[in-house]
Amino acid sequence: MDRVAAASVRLERADDLPAILEAAFDAFDDMLPVIEAQQDPAGGAFTTFVMSAAFAANGRDAVLFAPSLPPSASRGPIADRPGCGSALEAATALAGLGRLLDLRLTGAAAQAVSPGDRRACIDGARQARRLVSLMAGAAGQ
Amino acid sequence: VTGTATFGDFAAAASNHLARAVSLTDPVATSRSGAGRVTQAADIRRGMSRVITVISRYVADITASTARVRPDQHEVLTPWARAAVEAARALKEASALLAPDGGRVFGSNMRPSASAAGQGFDAAISFMTAGRDLLHTHLSADLDGIRVYRSEWAPVIVSVPVTGALMLEFAQWAQISATGGLKAAEVKPPREHRISDSIETLVAQRRLEAASRALLKVDVAVHRAQRRQPVSSADVGLLHAIRANVIPAHRLPVGWESVADLCRGTTETAERARHIARVVVPDALWSPLLTGDSLRETAASATAVSHHCSIVLRILGARAAQQGSAAVSAGLFQSAAAAERARDAWLRAATMWNQLTTETRGVTSPVAAETANLALWTGRLAFADATWTLAKGPTQPARPLESLAPTPSDLPGVVAAAHQACDALVQLAAADHQQVSLAAQAGRLHSPTRSLSDDVDIPHPFGRTPTGRVSLVLDAYRQAGQASARTTAALSAVAQAVRAPSTTLTAARAAARASRAGLGVDGAIIDPRPADVERASARITELPGHFERILSDLGVTDPAILARASAIDLAGEELIIESGREANAGSMRIAQCAPAESPATTALVRAAEPGATRQVVARPIPALEAEAEL
């Protein structure tokens, strides 16, 4: 869960649109290995995590084509597959990061001048909300 | 299954009305006045004429392509094609005998009949026409007159077994009508008639008798074909099960559905998903609805559907064991295991999309929406909570055994629902495989730069998806389709054993396969796919082979090395095809074993299967052809 926590910190600290977009991109991308690690058919939340991965990837892609996303984004290494925490821990962390993504991207959409940026932020926030709705359920919230 | 009228309903109603009309045709009835008898005879002549017209239209549908075959070449036609030609000839003869002036003798054909027998003919003709209209909702023709499939039932309709069943149907109509005609021909002119009127009536009666005998030739021709190439009662049942090409209405479970309601909802949603998946494929080159969001959500939902089906099938397996059906129980557990493998394959396809996207985003396609709905319906079947959703949390207990199938008679309906859902996944895999292929050809697939090779220097957050990765995605869809097809096959056997309503699905797929194998009566002119898809698919075959792609992905650009890789690809494909020939494995699916499509594969498949249709060669998922209708 360290990666999710780090992504949350970075997203909180982002202070302008390019930084928010880049942090959001990384946050969505960092969610994917955490979610994949929980896709155990024997687990009770298997399908929830499967759908959540789709929403996280959708959110990442929404931000990926934003005009203000710095060209240097998406150039770091791919996140390693994390150690397996419990499904509950993962869902709780992911729900928290999803809420933060929703908050920051919704705020960024209001500030964005370019229609492309605005649309990227709105779409990204929508995907974050979809993810939160699933993860909150899996976390028993 | 969904309560919609079927061809069988119309055909049965037509036969019943004809039989009733004939029973009311009484040439010696003393209760009928002379004038009444004449009116009845006139009504029957008019009714017969219209029956001949409608049957002629049915026959013309079948002989559309054989019209180009010269009479001296009719020996090459299949028994049913020859029967259709002979029936057309007999109908023309009967029509000419009955209405030498081209039908003016009957006045307006729209005028309702006055006699009860004539009214029976009128009703029968309405149902016969409705039956043909129903079949025509599945087919249309393009500007070049080429027949175009509009539904998954279209190849079933034009298949030999169903064509034969259809001919048996109208042979019966012809036979009943001819019987009525022969009875009506015995009616004597009333004594009060003037001599000239009596002569006119007698001439008409003799013409009616001759036309009836000509009409009986239809029955003879059809039954000759039936002896040579028998059509089974299952084939007739398949024809009767065909419904109009109307998509079931969209609906979602509300929470208080019975298991039967959930099965119906699952079946209807599966049908919607199949239909929509079929129609979106041709637009993949340009459609804004083709998004990475949609494709990955579809794959994720398909994973969920497979998972839910495996749960349902395990519950049913346990229930069948409780109810003493050991063989059925074993079949259900095998199906459940197959569904689990399909689930894993779909999950791999879904995960591939973590490294892929499209230039269009933010739109969820109708296919993705329907697949998500299917996941919801199947989830409601699998879990005990009547309001289950994906967001309900991890501690959802599965539905109790006795709740899913309280009695043995409840089992077939649930099996059918799972069968329909799994079959839809086969179609979805085929459709999405084709969509990804077309999107790759159109340069619509992109990947985050982070996920690309370090050697690739792209000053953007995303770059074009390497062909090797596209290949892996296509392989994932191929495997998902194959795994889903195996689940469907396992479920077909169970459905057959428990006589589930979905056995029609199995029969339809078998008939469609026969059609695709070039056995269709008018198969020569059938091209089920729009021309742009055909062209796009042909371009797909120009993709480099497996090893050539890997080297390209590694950044190798040396033409000599790439040429060697291409030669290795070709040699591998030749080896696979040669092995297939030597093994004389008629059922071996050559392209299934090939690592990738390439021009060489196309050429070799053509060489190996001289009779193969161009659809077989160009279709990018040969391994799924057995089940997929795309």
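Modeller: In this predicted model, the side chains of Glu22(A) and Arg10(A) meet in a salt bridge, at 3.8 Å from N to O. This pair links distant parts of the chain, with Glu22(A) in helix H2 (residues 17-36) of chain A and Arg10(A) in helix H1 (residues 2-13) of chain A, 12 residues apart. Glu22(A) counts as buried because its relative accessibility is 18%, under the 20% cut-off. Arg10(A) has 38% relative accessibility and therefore counts as partly exposed.

Another salt bridge joins Arg130(A) to Glu297(B), with 2.8 Å between the closest N and O atoms. Here the pair crosses between chains: Arg130(A) belongs to helix H5 (residues 115-138) of chain A, and Glu297(B) to helix H10 (residues 292-322) of chain B. Arg130(A), at 22% relative accessibility, counts as partly exposed, whereas Glu297(B) is buried, with a relative accessible area of 4%.

Within chain B, the side chains of Asp122(B) and Arg50(B) form a salt bridge of 3.3 Å, N to O. Asp122(B) lies in helix H4 (residues 116-136) of chain B and Arg50(B) in helix H2 (residues 34-62) of chain B, so this pair ties together parts 72 residues apart in sequence. Asp122(B) is buried, its relative accessible area being 13%, and Arg50(B) is buried with 17%.

Salt bridges with shared partners also join Asp29(A), Arg60(A), Asp61(A) and Arg296(B) into one network. Over all chains, a search of the whole structure finds 27 salt bridges.

Conventions: Residues are numbered from 1 along each chain as its sequence is written. Chains are lettered from A and ligands numbered from 1 in the order in which they are written. This is a predicted model: local features need pLDDT of at least 70, side-chain atom pairs count only at pLDDT 80 or more; totals for chains, interfaces and linings use all residues. Side-chain values use heavy atoms; hydrogens and water are left out. A salt bridge is a side-chain nitrogen of Lys or Arg within 4 Å of a carboxyl oxygen of Asp or Glu. Helices (H or I, at least four residues) and strands (E, at least two) are DSSP runs, numbered from the N terminus. Buried means under 20% relative accessible area, exposed over 50%, partly exposed in between (1.4 Å probe, protein chains only).
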